[in-house]
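Trainee: I am new to this one. Can we go through it in short questions?

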Amino acid sequence: MSDTASSTITVPRSLFIFSVFYGGMVCIAGVLGNKQVSLGPLAVEAGIFPFLLLVILSSTVAALHGKATADNLVKYGFIPLIGSILLTALVYAIPASPKMDAKYLDAFNTMMGQTPRIWIAGIVAYGTSQLLNVYLFDRLKSSVGQYVALRGAIAAVLSQIIDTLLFVTIAFYGVFPITDLLLGQMLAKVVLSAVMVPILITALVRLGQRLDEQ
């Protein structure tokens, strides 16, 4: 009887670390989105920060490990996203302990009691915008070259416009006028994408290269 050599799959260090971080940002984005923050004249939902990190991480993985790997990262991101939604729905449905302080229960119900329409909007907007970001980042290589900061910024701006359009329309169309909300969120995301993405994607690509050299 011959010995069968066992094969092992080696995951690059940067891919492992960025994937773990990516999954965490997918889960926390919806929670942070319950607060609006003021950035000078811009009023934005705080969920924009983890969503921008998702864009930066997917572009970074595309730069280091290719488009196919980045696409898989986005697709696997549906697992923690949908899992967190289902778990939130389960916890929300379970009766609260009578010992729980009423003010904390009210705060929890206000934050976590989102409608299925908002959950669906989040899932659709996440998948579409993140896959579009990876696609654009990869396609821009032919015209922009290896300038990851510029490619990342352009891809982030365009994908975040689509993200806002999809989420706000699906979640709130017919509930109240959405034009002002759409324009405000798009402006905020464009500005933040142009400012944050070039710096952070350059830093993460360099960090990933160093991690993979160890």
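**Salt bridges and helix packing**

Mentor: K67 and D71 lie four residues apart in helix α3, so about one helical turn separates them. Helices here are DSSP runs of H or I, at least four residues, numbered from the N terminus. The model is predicted: local features need pLDDT of at least 70, side-chain atom pairs 80 or more, while totals for chains, interfaces and linings use all residues. Residues are numbered from 1 along each chain as its sequence is written, and side-chain values use heavy atoms, without hydrogens and water.

Trainee: What joins the side chains of K67 and D71?

Mentor: Side chains of opposite charge can pair when their charged atoms come close. The test is a Lys or Arg side-chain nitrogen within 4 Å of an Asp or Glu carboxyl oxygen. Here N to O is 2.7 Å, which makes the link a salt bridge.

Trainee: Is D71 buried or exposed?

Mentor: Buried means under 20% relative accessible area, exposed over 50%, partly exposed in between (1.4 Å probe, protein chains only). K67, at 27%, is partly exposed. D71 has 12%, so D71 is buried.

Trainee: Which helices hold K189 and D163?

Mentor: These two side chains also meet in a salt bridge. The pair links distant parts of the chain, 26 residues apart. D163 sits in helix α8 (residues 148-172) and K189 in helix α9 (residues 179-213).

Trainee: How many salt bridges does a search of the whole structure find?

Mentor: One joins K67 and D71. Another joins K189 and D163. The search finds two.

Methods. Helices (H or I, at least four residues) and strands (E, at least two) are DSSP runs, numbered from the N terminus.
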